There are 2 protein chains.
Amino acid sequence: MSMPPRDGLVGVLDAIRAGEGVTQPRLVQRLGLGRTVVAQRVAQLEAAGLVVQDGVAPSSGGRAPRLLRLRADAGLVAGADIGATGMAVGLADASGRVLAQAHEAANVADGPDAVLGRVEELVAQLLDGLAGAPPLWGIGVGVPGPVEYATSRPVAPPIMPGWDGYPIRERLSGRFAVPVWVDNDVNVLALGELRTNPAAAEAGDLLYLKIGTGIGAGLVSGGRVHRGVNGCAGDIGHVAVAEADSVICRCGNVGCLEAVAGGAALARDGRRLAESGGSPVMADILAATGELTAADVTTAAERGDPAARAMLGRAGRLVGGTLATLVSFYNPGLVVLGGGVVHAGDHVLAAIRESVYRRSLPLATRTLRIERSVMGEAAGLAGAVHLALDALFAPGRLARWLPVGSPAGRPELAADTESLPA
Amino acid sequence: MSMPPRDGLVGVLDAIRAGEGVTQPRLVQRLGLGRTVVAQRVAQLEAAGLVVQDGVAPSSGGRAPRLLRLRADAGLVAGADIGATGMAVGLADASGRVLAQAHEAANVADGPDAVLGRVEELVAQLLDGLAGAPPLWGIGVGVPGPVEYATSRPVAPPIMPGWDGYPIRERLSGRFAVPVWVDNDVNVLALGELRTNPAAAEAGDLLYLKIGTGIGAGLVSGGRVHRGVNGCAGDIGHVAVAEADSVICRCGNVGCLEAVAGGAALARDGRRLAESGGSPVMADILAATGELTAADVTTAAERGDPAARAMLGRAGRLVGGTLATLVSFYNPGLVVLGGGVVHAGDHVLAAIRESVYRRSLPLATRTLRIERSVMGEAAGLAGAVHLALDALFAPGRLARWLPVGSPAGRPELAADTESLPA
């Protein structure tokens, strides 16, 4: 079998995907490839329907070079961001721009059949809604629990009963005949920030910290998601914190971060204060609604309730204490904070920042920024979409898009789940 | 200026550097490059004097392919591993094999003039001792403090008075007219393990933890040293630990890991026990030698002294508690433990392992190994040597080795410090 040469191909495509105003002379300059090689690679990508020459760049003497851009309409990817209590499903073009999306409540604890069945319906509906749509190339999925990335299977996910070891890839791939990639929700959020937030892309080394019902982190090292050898890097919900020795966590250990500073802990402690008379404001909310959520604690804090403010400040300090250790260890350029607890008010953010700047190595905070996610929940869907795009355009896979022998039209993409890259 | 094409060049050289029994057909297979490109790159590397065809591999039908190997004798690099109280300086061939080395006591607090002056003398002596030696290509240096990797300058290093901002690169480069790279000692140790310990190379994601006078970590992500945006990733000596609130650290904070579990802390606490009558064994050592070091604490523990054993166990648990957080966060495949405290006995190692396996996320410890460094201190010199080799053979720099136009003998390497890669 004779394969066309493809060295430099991924570099050429990545540069075209990432940049505005890309031309062949610029690629020669930026990638350090020869002119002939760049011309060949561009021709291959054109033949594969991935790249188009479109318009001209300003000339620097001689013939003006043609602009190269990704053919965003060449194909579609689907993304599914599955959370504990809701999901977002969307279709995006080859550039990652979301063309259509649907959001709805969903209980991940209903199990994979119910939840993935609904994902399938939504993807099918969205595809039907795009008239004359190009072919679906692949699917990216985020789920709220640990995932073995190589196999796309959840591994003992604590809040996903029935999902342990479930073959998500095989199921969705069987339904849509395209390759599928799955990762945990926080890695997907981190990837979404990295690909859509210029500050995140610039930082290169990034830490995404999600404080929702649980607490987890996503790590980016040199522009790549760092997943660790078992794919569970960032699973910090159950690290021990100093001031929390007496609280028993659902995991069976004592003093877990999540058990004292996560959304579930805030709801639990808030209810206790409401019932014990420690917070009249939260007692009113409890009496009016019959429940007390983490969001209610924030509402109470915003109404000036000292007990609620103290709770949020303590949660922020506990998270900040752990984050200070991680910042000294990892030295990121940017910490992005996401999740309901962070987005609810300023008390938590201020306390987190204070702890980090007080306790981290000074050199590690010299240029550090700690920001709320500007993307918010949209980062999840964006990350799921880019999870699929990055995998589709990765070195081992991209070669299969190329016409073998003479240039021959459209790429073919089978649901070759056996040979999916790890 | 016409540059020869060089796409795939670093990949070809890396494969030849890393492997045994490398042939052109194997490179075609492994790198996914075309046969013509591989042949051109090999010819360029031969012309540059870096690669030689040497012997034949078993044929799989047809003419037996020739074996490719790095011309290890093409050039030399020097490595200097500068510690708090001693230094190792060595010369290695292009494969990283150390050919000559010198070890001696040195006090880093004597300042850069004294210490680097001695490094220069030792490098010059070792070069003189190698008759007919090939040219020196570069120098790698490890120092016991934070370094801004891009500029090779120490940044407020706590135990290196006089070194803050010192231009180590410019000084050594001026003396030997070769490029110089500098990193902190623990990154250099991690790199040394990565390049010389097969288990470390296999793990890919690696955490090196050094417990000496101070405590620090080196991180490897996907086979690359993760330095962080300020180059201070791994600086965990001053993270807060739970049980240490009352100890004031030399950094001014309370509860720092290093202040309760480092070698200096062991010596301080051991002396206190010896003087207060809490440990007759350590009291004997103090009386006999007039001092009490961390090594003495270990000696006492090995003689059965319960107080010394309790101290080492507590230090191991405190380090292990922090390491458990880092293992959950980073999910490495291998934790390598180095430094005097770790090498002194089993009490610390056992306590560290126990804490990590008890407190880390179970998935993160499923395949985790926690081992003492097999290289020991030799990893520092090996790492310094490979710091230089990896930089010399990196994409941006390797191109300069290639003959421009027609193949033309030996590479030239100027001390182009202005354009050194960051």
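**View 1. Val327(B) and its neighbours in chain B.** Val327(B) touches Pro332(B), Val335(B), Val356(B), Ser360(B), Ala364(B), Thr365(B) and Leu368(B), leaving aside residues up to four places away in sequence. Touching, or contact, means heavy atoms within 4.5 Å. Val327(B) has its place in helix H12 of chain B. Helices (H or I, at least four residues) and strands (E, at least two) are DSSP runs, numbered from the N terminus. Val327(B) has a relative accessible area of 0%, so it is buried. Buried means under 20% relative accessible area, exposed over 50%, and partly exposed in between (1.4 Å probe, protein chains only). Val327(B) and Tyr357(B) are 30 residues apart in sequence. In space they are 9.8 Å apart, C-alpha to C-alpha.

The model is predicted: local features need pLDDT of at least 70, side-chain atom pairs count only at pLDDT 80 or more, and totals for chains, interfaces and linings use all residues. Residues are numbered from 1 along each chain as its sequence is written, chains are lettered from A and ligands numbered from 1 in the order in which they are written, and side-chain values use heavy atoms, with hydrogens and water left out.

**View 2. Ile139(B) in strand E7.** Ile139(B) lies in strand E7 (residues 136-143) of chain B. Its relative accessibility is 2%, so Ile139(B) counts as buried. Contacts of Ile139(B) include Ala78(B), Leu172(B), Phe176(B), Trp181(B) and Ala388(B), not counting residues up to four places away in sequence. Val178(B), Pro179(B) and Val180(B) are also among them. Glu121(B) is 18 residues from Ile139(B) in sequence and 14 Å away in space, C-alpha to C-alpha.

**View 3. Arginines over rings in chain B.** Arg175(B) lies over the face of Phe176(B), 4.7 Å from the ring centre. Arg227(B) lies over the face of Tyr149(B), at 3.8 Å from the ring centre. A charge sits over a ring if NZ of Lys or CZ of Arg is within 6 Å of the ring centre and within 35 degrees of the ring normal.

**View 4. Aromatic rings between the chains.** Over all chains, the structure holds eight aromatic pairs. The ring centres of Phe329(A) and Phe329(B) are 6.2 Å apart and the planes stand at 70°, so this pair is edge-to-face. Rings of Phe, Tyr and Trp (its six-membered ring) pair if their centres lie within 6.5 Å; planes under 30 degrees apart count as stacked, over 60 as edge-to-face and the rest as tilted. The pair crosses between chains, joining helix H12 (residues 306-330) of chain A to helix H12 (residues 306-330) of chain B. Both Phe329(A) and Phe329(B) are buried. Phe329(A) also forms an edge-to-face pair with Tyr330(B): 5.7 Å centre to centre, 85° between the planes. That pair, too, runs from H12 of chain A to H12 of chain B. Tyr330(B) has 0% relative accessibility, so it counts as buried. Ring pairs link Phe329(A), Tyr330(A), Phe329(B) and Tyr330(B) into a cluster.

**View 5. The interface of chain B and chain A.** In contact are 51 residues of chain B and 52 residues of chain A. The buried area is about 4100 Å², and carbon and sulfur atoms give 57% of that. Buried area is the accessible area (1.4 Å probe) that two parts lose on being put together, summed over both. Strand E12 (215-221), H12, helix H14 (346-359) and helix H15 (362-365) of chain B each supply at least two residues of the side that touches chain A. The largest share of that side, five residues, comes from H12(B).
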